[in-house]
Amino acid sequence: MGREVVVETVDLCKVYRMGLTEIHALKNVNLKVYRREMVAVVGPSGSGKTTLLNLIGTLDKPTSGKIYIDGEDITIKSEKELTLLRRKKIGFVFQFYNLIPVLTAYENVELPLLISGVPKKEREKRVRKLLEMVGLEDRMNHRPDELSGGEQQRVAIARALVNNPSIILADEPTGDLDTETGLMVVQLMRKLAKEEDSTVIMVTHDPQISEIADRIIYLRDGKIIGEHKPR
Amino acid sequence: MCVGVGLYTPFKLAFRNLWRRKSRTFIAFVGVVLAVSLFIAVNTTIDSLTVNLVEGYTAYLGKYDIIITGKGTSTFFDPVNMSEKVLSVEGVEEVVPALILRGITYIGDKKRGLLLIGVNTSDVGDNWSFEVIEGSIDISTNRCLVPDVIATNFDIYVGENFTLGMYNFEAKHYVNSSLTIGGIIKTPSELPVNMRRVVFVSLETLQGLSGLNNTVDVLFVKLSEEIINYSDLEGSVSKIVEIGSSIQEKIGLEYTVFLVKAYVLESVSGVVSTQRVMLNIFVLIAVLMACILIVSTMLMNVAERIREIGILRSVGSSKAQIFTSILIEAIIIGLIGSTAGLGLGLLLGKYVISPSLVGFRKQFQVSIFVVSPQSLNLGLLLGVLTSIIGGFYPAYSASKMTPLEALSPAVRRMIITEKKERKLRSERVNVGLVIGGIGLFAATSFMMFLLPIIGFYGNQAIFIMVTFISLGLILVGLTLTFTAILPLTAKFFSKIVGKLWKIEATLAERNIMKHKRRSSLTFFMLSTSIAFIILVGTITSMYAVSSQINVQNYLGADIVVYPREYVPVSIAENISLVEGVEAVCPVTTGITVKAGDLVLYKQYALKIFGVNASTFPNVTYARDIDFERGTLHEAFKKLAEENDTIIISKGLAESLNMDVGDKIRIETVYGTFVLKIAAIASSIPGFSFTKFKQRAAATDGLVSLETYCNITKMLVVDRFLIKVKEGFDPIKVANTISNEIGGEYDIQVTTTKELAENAVESYEDISKLFTILLSFAVVIAVLGHATSLVTSIQERTWETGVLRSIGLDRKQTVLVYVMEAFIIAFLSYISGVVSSLIIAFELIQSNNLTSDLTLPLTVPYTLYLYVFSLVFFTALIISAYLSYKTTKLSIVEILRKGSRL
């Protein structure tokens with residue numbers, strides 16, 4: 001039985017112009033990511049990993065090429081449609097400052113549901129469930145500055161999953177954490193993604209972290225130079 | 001940074017740091033510019049007003065500062081000896097001797113009195129600068145110069161001879177001489193106005209004619225220019241008095257030294273100092289706002305650079321060096337702002353503030369605008385001082401931090417938690433409560449004890465200043481209270497708004513509270529400045545409305561005709577025939593009597609007026625509610641139908657414990673009379689009636705013309721009260737009366753409408769001026785809000801990116817920031833309005849409980865709208881624009897920018 005493609009890029013290119021200089025961040029990247037898969041994108045600094053993530057996550061627009069999410073070409077969508085897409089299909093986990101500092105853990109996780117207009121009872125149920133899943137039900141009324149780095153990332157993961165997105169995009173999610181916590185966070189992210197039927201695309205420098213993924217994609221100078229399945 | 005280096009490096013770093021946050025620096029700079037320019041505008045205007053008033057008086061009183069004469073008439077003295085003595089006094093610049101005598105002229109067959117002044121021919125052209133209309137200024141040998149006014153009056157021409165009769169002191173009898181008119185001149189301005197109708201002859205001629213050889217009877221003294229300092233009139237007066245005393249000592253007590261200029265300066269000083277104090281209070285409010293703006297700006301600067309401060313401390317910078325470097329930033333803002341404010345201040349003073357002063361008095365016309373270096377220097381100093389005071393606390397709090405505190409947010413959090421825990425310890429003194437208690441004690445002591453003392457010992461200007469400051473303190477107390485409860489009001493308000501925009505309202509409220517100090521400072525600035533402008537606007541509009549009522553109350557009818565000579569009562573008929581006149585009521589002159597109970601156990605002074613009881617109700621502004629038990633018409637019907645009846649005021653009736661129908665005894669120069677009280681009124685416009693028994697003494701009473709005649713046996717009309725028909729313009733009717741009746745009798749016609757319009761116009765001018773002055777404070781407060789918004793949006797750039805990445809669209813993201821601006825603007829506007837209304841209401845109650853003229857609470861809607869627009873639109877536009885600019889970038893660009901910040 002064929003696996004469902006969640007994310008597909010076709011000849012994806014991104015060029016940055018800095019004055020007269022052109023920087024080709026991505027050069028004809030062709031990639032397929034399948035449902036419930038955890039993909040790690042690794043490569044040296046400047047290889048285009050974050051750019052790839054930002055394009056898939058609709059945070060930026062490609063110079064040329066196509067991106068399909070759940071079969072829809074997102075490169076032809078309007079700003080309004082992309083906003084809706086981000087609400088419904090994409091969840092982000094950044095390296096740091098993921099959370100809104102003035103909102104509690106509960107409120108941070110609740111935020112995407114509020115934006116989507118989900119009724120109160122349903123929101124409550126979903127938020128509590130996710131906070132339980134990440135083991136922070138006792139800390140739900142604490143603000144980010146009262147949580148440790150690992151706890152903050154777990155809240156970020158809960159927020160990323162709260163809207164049942166098709167894909168979770170994590171940019172160096174363990175970059176600000178110690179090794180043990182980082183491993184724990186990524187394993188949690190993998191477990192929850194599978195439970196929630198989401199796909200994870202993670203950018204990382206850390207080889208230990210990348211080994212947790214189902215597939216590792218190697219990027220250099222804006223091109224995919226190889227793939228590897230650790231398990 | 002400053003290790004081992006002088007001030008160059010700190011200044012260099014300060015400039016760079018200020019340049020790094022251009023918008024915030026610019027806003028703080030504008031705040032200082034506005035405060036300094038307002039100071040300079042107000043004070044140069046007052047300086048100019050001083051000069052204009054002094055010039056005006058000088059034009060009236062002549063150019064000489066001191067006039068010396070002998071005591072008594074016909075006291076003459078040696079000019080040379082006297083001038084020497086006077087010139088020896090320091091400060092005396094020149095002395096001009098003159099001889100002033102009265103003569104009689106015979107021109108044609110008319111005999112007229114004439115004042116002659118003999119002056120040194122050498123002084124002509126210099127001390128006596130004549131503008132020749134005809135002839136020449138040659139006054140040698142029996143030639144004279146005649147002012148044009150006299151030439152016209154006497155019908156005399158150049159070259160004509162006329163006979164002058166004068167007492168000759170040598171011959172001891174009148175001697176006739178002939179004088180030739182050498183020239184006709186424009187009335188000279190060197191002399192006081194009452195001495196300008198003089199004929200000028202040479203001193204030798206007049207001495208010869210009067211037999212007073214080598215003597216004069218007056219010395220005109222001019223002091224040196226430096227004595228008069230327009231910025232320090234009181235000091236100038238002291239100097240003049242000192243010089244005058246020295247002159248008196250030198251010449252002896254048998255001469256009078258009249259200090260003309262001192263009297264001028266003293267009267268001007270009183271008027272000007274009151275104006276200066278009053279207007280500078282408004283300046284003070286703007287300066288206060290500018291100071292708070294600097295505090296807020298510098299606190300934000302310090303907060304952003306806390307890590308940098310930590311690094312500086314860790315590489316060896318001392319606390320003093322950190323303190324200096326931050327204070328220098330504030331000083332730079334103050335210096336540059338003050339310099340820029342100088343030019344703007346002069347323009348504002350000349351074109352905006354000066355023209356508005358006529359609202360206070362018509363004489364306050366500033367036609368000569370002077371620039372006083374003292375005001376400019378003070379303005380510069382003020383700007384720098386304001387920024388030093390404003391920068392002090394942020395610099396101090398930055399310097400207090402240890403390197404670890406500055407570098408580590410975790411350590412800072414720990415210290416904050418420790419401070420909170422220390423506050424909760426039971427043995428710890430509640431400092432806030434102590435400060436509040438001391439503050440309350442100080443404020444109450446000030447009001448209860450100091451105010452009366454200052455009122456007793458101080459002059460009017462100081463009393464006004466203290467009263468304004470007391471009012472200001474009460475207002476600030478209210479706005480401080482509102483600031484203290486901002487967390488509650490913000491939460492409550494955001495819950496209401498959150499029904500529609502939950503995310504935006506929640507984020508806005510939380511961010512306001514996260515930066516509580518910044519939000520509180522912004523809120524306090526806005527609410528206080530709004531409260532001031534609305535309170536002052538409300539008070540002036542209240543007084544504008546009541547000034548109309550005052551005029552009505554003073555005059556008592558639409559038109560009042562005052563005869564300047566005896567007129568028969570019957571001219572009321574003539575007046576009633578004038579087109580537009582509906583009714584006329586003559587009012588007699590008042591007679592002062594003693595009024596009391598029948599045994600005069602209690603007695604009060606009372607002034608009785610006689611009125612035409614039939615027509616009075618038709619002309620008066622009095623209303624039925626002013627009368628106890630009955631209407632206006634009923635009261636005067638009783639007066640008309642029953643002889644020996646009187647209408648008295650409620651205050652008098654209560655003091656005498658009397659009611660309608662009781663008998664009141666009056667003692668007059670014409671005898672003792674008993675009158676029955678026909679009615680009791682609390683107010684009858686045009687007369688002194690009161691509802692307060694505390695003011696029972698010196699009220700008025702009204703009787704019919706017949707009763708008045710019975711008492712005084714005569715009828716002298718003081719005025720005629722006139723009602724104008726509906727649809728007729730009172731001013732036109734008054735002019736008709738002036739023309740028709742004024743042709744036959746010498747009368748003065750006054751209309752309530754014209755006086756009321758003039759009074760309201762004055763208040764409108766005053767209100768406009770006050771609004772302009774206080775707008776500066778509001779604008780500076782709005783700039784403070786803008787700074788806070790700019791900083792908030794900048795520091796939350798990353799957060800903007802995160803919000804966009806999780807699905808907030810651009811509009812919603814902009815609304816998050818707009819909501820924050822809106823909450824602060826709205827709550828501060830409401831608190832400003834409520835604070836001002838509370839005080840206005842207190843003032844009204846206090847006035848209405850003790851005054852017969854009630855102050856109405858008027859709401860100056862235009863002002864409310866103006867302030868609302870200024871505060872709201874600025875806040876909304878700035879927040880919308882900046883947040884829109886940020887969200888216009890792609891999300892990844894926002895996140896990149898945010899990570900850099």
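I first looked up helix H7 (residues 260–304) of chain B against helix H17 (residues 516–555) of chain B: the two pack at an angle of about 165°, their axes 10 Å apart. The model is predicted; local features need pLDDT of at least 70, side-chain atom pairs count only at pLDDT 80 or more, and totals for chains, interfaces and linings use all residues. Residues are numbered from 1 along each chain as its sequence is written, chains are lettered from A and ligands numbered from 1 in the order in which they are written, and side-chain values use heavy atoms, with hydrogens and water left out.

**Terms for helices.** I took helices (H or I, at least four residues) and strands (E, at least two) as DSSP runs, numbered from the N terminus. Axes are lines fitted to C-alpha atoms, for helices over the stretch in contact, and angles run from 0 to 180 degrees between N-to-C directions.

**H7(B) with H17(B).** I note that H7(B) and H17(B) are therefore roughly antiparallel to each other (angles under 35 degrees count as roughly parallel, over 145 as roughly antiparallel, 65 to 115 as roughly perpendicular and the rest as oblique). H7(B) passes H17(B) in a left-handed crossing (the near helix is turned anticlockwise from the far one by less than a right angle; clockwise would be right-handed). Among the residues in contact (heavy atoms within 4.5 Å) I listed B:Phe282, B:Ile285 and B:Met289 of H7(B), and B:Leu521, B:Phe524 and B:Phe532 of H17(B). The residues of this contact divide into 13 nonpolar, 3 polar and 2 charged (Ala, Val, Leu, Ile, Met, Phe, Trp, Tyr, Cys and Pro count as nonpolar, Asp, Glu, Lys and Arg as charged, and the others, Gly among them, as polar).

**H7(B) with H9(B).** I found helix H9 (residues 319–356) of chain B packed on H7(B) at about 140°, with the axes 11 Å apart. H7(B) and H9(B) are therefore oblique to each other, and the crossing is right-handed. B:Ile294, B:Met298, B:Asn301 and B:Val302 in H7(B) meet B:Ile326, B:Glu329, B:Ala330 and B:Ile333 in H9(B). By class I recorded 6 nonpolar, 1 polar and 1 charged.

**H7(B) with H10(B).** The axes of H7(B) and helix H10 (residues 373–400) of chain B come within 8 Å and cross at roughly 35°; this crossing too I logged as right-handed. The H7(B) side includes B:Ala290 and B:Cys291, and the H10(B) side includes B:Gly390 and B:Gly391. This contact has 13 nonpolar, 5 polar and no charged residues.

**Chain B with chain A.** I counted 24 residues from chain B and 27 residues from chain A in the contact. The buried area is about 2300 Å², of which carbon and sulfur atoms give 66% (accessible area, 1.4 Å probe, that two parts lose on being put together, summed over both). In chain B, B:Arg510, B:Trp798 and B:Ile806 lose the most area to chain A, together 27% of what that side buries.

**Salt bridges.** I searched for a side-chain nitrogen of Lys or Arg within 4 Å of a carboxyl oxygen of Asp or Glu. B:Arg804 and A:Glu79 meet in a salt bridge (3.1 Å, N to O). In A:Glu37 with A:Arg215, the closest N and O atoms are 2.6 Å apart. A:Glu37 lies in the loop between strand E2 (21–34) and strand E3 (38–42) of chain A and A:Arg215 in strand E9 (residues 215–220) of chain A, so the pair ties together parts that are 178 residues apart in sequence.
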